[in-house]
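Please look over the sequence and the model before reading on.

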Amino acid sequence: MNTHILAQLSVRRGRAAVEFYKEAFGVVEVYRVGGDDSNESVVSQLSVDGASFWVADESPEHANFSPETVGGGTVRMLLMVEDPDAAVQRAVAAGATEVYPVSEEHGWRLGRVADPFGHHWEIGTPLEEWPPAHGGPSGRH
C-alpha cells in the first residue's frame, strides 16, 4: 500500500453534506457508517475521479468541530479539475457561495467557493506543467 493523506471534513448535517458533495462535485460515496434514521451521524468516504476525502458529522466530545461551530475553517481544500469555470458554476448551482471568481494567477486558473457547511474549496487547474520542474518560486523541491 502507498502512503496517502486524506482529509476528513467535520460538518453539521452530515447526510446533507454528502448529498451536496455528490451534486456539487460529482463525488461517489465509497463507504458509509451511520447516516440513517436509527443513527443520524454519518462518516462517509467520498471519491471524485480517484481522489478521496472523508466527511463526518462533528463530534465535539472527540474534539472534531465543524467550521460552523468554531466560526471558520482551518483548512482549505484544493480541487484540481480540467475545467474550473464549469466546476465552480456547478458548485454554486448546488448551493455553494462564490468567494472569488475564476481567474488566472500564479500559473493557475483558479476560483474559490464556500460550501454550505463552512469549508472553502479552491477549484482550479495549473496552466503549466505541475509541479514545476524547478520546484516553485524558491527553487526548492
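Which residues have the most contacts inside the largest nonpolar core? They are Tyr 21, Phe 25, Phe 53, Trp 121 and Ile 123, in a core of 25 residues. Such a core is a set of buried Ala, Val, Leu, Ile, Met, Phe, Trp, Tyr and Cys residues joined through side-chain atoms within 4.5 Å; buried means under 20% relative accessible area, exposed over 50%, and partly exposed in between (1.4 Å probe, protein chains only). At least two core residues come from each of β1, α1 (14–25), β3, β4, β5 (76–80), α3 (84–94) and β8 (120–126), and α1 gives the most, with six.

The model is predicted: local features need pLDDT of at least 70, side-chain atom pairs count only at pLDDT 80 or more, and totals for chains, interfaces and linings use all residues. Residues are numbered from 1 along each chain as its sequence is written, and side-chain values use heavy atoms, with hydrogens and water left out.

Helices (H or I, at least four residues) and strands (E, at least two) are DSSP runs, numbered from the N terminus. Two strands pair if DSSP finds at least two bridges between them.

| Strands | Direction | Bridges |
|---|---|---|
| β1 (residues 8–11) and β4 (residues 51–57) | parallel | four bridges |
| β3 (residues 42–48) and β4 | antiparallel | six bridges |

Ser 10 has Ala 56 as its bridge partner in β4, while Gln 45 stands opposite Trp 54 of β4. Two residues lie between the strands in the hairpin of β3 and β4, where Asp 49 takes a positive phi near 50°.

Val 33 is found in strand β2 and is partly exposed, with a relative accessible area of 38%.
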